[in-house]
Amino acid sequence: MRSPARAAALATVLTLGLALPAGALAAPASAASLSVSTPATARGSGPDAEALRAALAGLPDADATAALVRVGGTGDGWRGSAGVHDLASGRAAEPDARFRAGSTTKAVTAAVVLQLAAEGEVDLGRPARRYLPDLVPRTYEHVTVRQLLNHTSGIPAADGTGTTFEEWYAHRFDLHSLREMVADATARKPEFAPGTEQHYLNINYTVLGLLIERITGHSYEQETARRVFAPLGMRNTCFPGTDPDIRGPHNHGYQAVAGADGTTEYRDVTVWGTTDSWAAGAMISTTADLERFLIALFRGRVVPQPQLTEMFTLPAGVPGATMSAGLQRYVTPDGTELWLKSGGRWGYNSVIAATRDLSRTLVYSVNSTDAKGQGMNPVGARIAQAAFIR
């Protein structure tokens, strides 16, 4: 039975500018129908195909211009796409498109660090300063690698390039120095004593990316490709470096910008530099590749035991903690425990989520028109609700 309460709870967890009247974004005839690559399944033998089709109906709309979805687990899977490749042409969305995966990157970064721990190269309980004495100052000498992984380090965020969309947009091609970002953050006073609170911040994973490079002697990009992407056959997953483009097939991302005259401009934000997010959120991927990673990770094919337990363990003694090493725990109103990671870059929201036993998995990319907004994108919330109907 569908639950509005569940949807609400899940919601809790451009070079080209098109000026349109508010509410005027409508699906062109060429994109009005869904693209579904698997037949409807009987209720109880797999995901609810009818509910998933309904979740994608009507795209593009004011909340999203496209969506790509893969649901799997026990029984048959479901694959679907909806919306448009771009607003100018109105042609149907590329079902196998690449997209900016945002903070789902953190699950990959955590996996590499945990591999290094399994190899005896990193001690998760050891202060990060022992590995990076020139980068982590004495102010943070007690912050452990584990506390970076689960966001209990107390290190504050570095200065950003703005506080509004227009400010960020004006600086979208800026190049960021990772070491300078860490130096800026660690020059500030701690937000709290290490291990006492949890504050989800990219800076923790920027430090972890630099730790990976220090320990291995190779670039972060080389290590993620060698340890994760290549073994799993994730051929459409990469890091763009300083390239602001998404190379290969992709659907455009847009940000809705309200005008003083009551119109809404859908500004194309597809081309955007990501050097500020790096090991915390710069990955480009596909739903097929992320599904492959999710399943392999949960099955223990990426991170060996006992290190994998770090990804399914919340920090002890931290009130309200929901983040583990690279993942987040969420319990649905009906008591189903999910482990997930969401991501958001301008124009793109993504999610990887599954039950621990992989009886149900979800990967989606939604071309959100307010990807950095508060709360969950409404289209994404509908997809999540439909995917985990029991």
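**Reading helices and strands**

Analyst: In helix α6 (residues 178-186), the buried residues are L178, M181, V182, A185 and T186. Helices (H or I, at least four residues) and strands (E, at least two) are DSSP runs, numbered from the N terminus, and buried means under 20% relative accessible area, exposed over 50%, partly exposed in between (1.4 Å probe, protein chains only). The model is predicted: local features need pLDDT of at least 70, side-chain atom pairs count only at pLDDT 80 or more, and totals for chains, interfaces and linings use all residues. Residues are numbered from 1 along each chain as its sequence is written, and side-chain values use heavy atoms, with hydrogens and water left out.

User: Why do the buried residues of α6 line one face of the helix?

Analyst: An α-helix has 3.6 residues a turn, so residues three or four places apart point the same way. Seen down the axis of α6, the buried residues fall within an arc of 120°, so they line one face; the arc is that of the directions from the helix axis to the C-beta atoms. These residues pack against α7 (202-216) and α9 (278-281), where contact means heavy atoms within 4.5 Å.

User: At what angle do the axes of α3 and α8 cross?

Analyst: Axes are lines fitted to C-alpha atoms, for helices over the stretch in contact, and angles run from 0 to 180 degrees between N-to-C directions. The axes of α3 (residues 105-118) and α8 (residues 220-232) cross at roughly 80° and come within 10 Å. The two helices are therefore roughly perpendicular (under 35 degrees is roughly parallel, over 145 roughly antiparallel, 65 to 115 roughly perpendicular, the rest oblique). Residues of α3 including V108, V112 and L116 meet residues of α8, among them Y220, V228 and F229.

User: In which sense does strand β11 pair with β10 and with β12?

Analyst: Two strands pair if DSSP finds at least two bridges between them. Strand β11 (residues 348-355) pairs with β10 (residues 337-345) in the antiparallel sense over 8 bridges, and with β12 in the antiparallel sense over 6 bridges.

User: Is β11 mostly covered or uncovered?

Analyst: Strand β11 is mostly covered, with 8 of its 8 residues buried. One side carries Y348, S350, I352 and A354, and the other N349, V351, A353 and T355.
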